[in-house]
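Here are my notes on this one, jotted down as I went through it. Have a look at the model first, then see whether you read it the way I do.

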Amino acid sequence: MSSPSTKGLVFRFWNLPDSQKREIMFKLKLITQEDLALSDEELYDRGLRLAAKQGLLLALAREVDGLQQQG
């Protein structure tokens, strides 16, 4: 997760409110209810790494873009 476009995505993701970050992570099945016991940093780091591993960064970017356009 180190290309410029990925760095931009991660930055935009982290700037979302926590509720929107969780919404995206649940929608893409990158976190579970049990994961909510983790700290926010661990939770979203795990979800972002899983998105990269599963080839879901484009889907994540679309979700982030959609929420940013609404707000």
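1. Terms first: helices (H or I, at least four residues) and strands (E, at least two) are DSSP runs, numbered from the N terminus. On that basis the protein has four helices and zero strands, and its pattern along the sequence reads α-α-α-α.

2. A word on provenance: this is a predicted model, with local features needing pLDDT of at least 70, side-chain atom pairs counting only at pLDDT 80 or more, and totals for chains, interfaces and linings using all residues. Residues are numbered from 1 along each chain as its sequence is written, and side-chain values use heavy atoms, with hydrogens and water left out.

3. The C-alpha atoms fill a box of roughly 30 × 25 × 20 Å, taken along the principal axes.

4. How much of the protein is buried (under 20% relative accessible area, 1.4 Å probe, protein chains only)? Of the 71 residues, 30% are.

5. Now the pair H2 (residues 18–27) and H3 (residues 40–53): they pack at an angle of about 35 degrees, axes 11 Å apart. Axes here are lines fitted to C-alpha atoms over the stretch in contact, and angles run from 0 to 180 degrees between N-to-C directions.

6. Who makes that contact (heavy atoms within 4.5 Å)? From H2 come Asp18, Lys21, Arg22 and Met25, and H3 supplies Asp40, Leu43, Tyr44, Gly47 and Leu48.

7. On the contact scale again, residues 24 or more positions apart account for 56% of the protein's contacts with a separation of 6 or more.

Notes:
Contact means heavy atoms within 4.5 Å. Buried means under 20% relative accessible area, exposed over 50%, partly exposed in between (1.4 Å probe, protein chains only).
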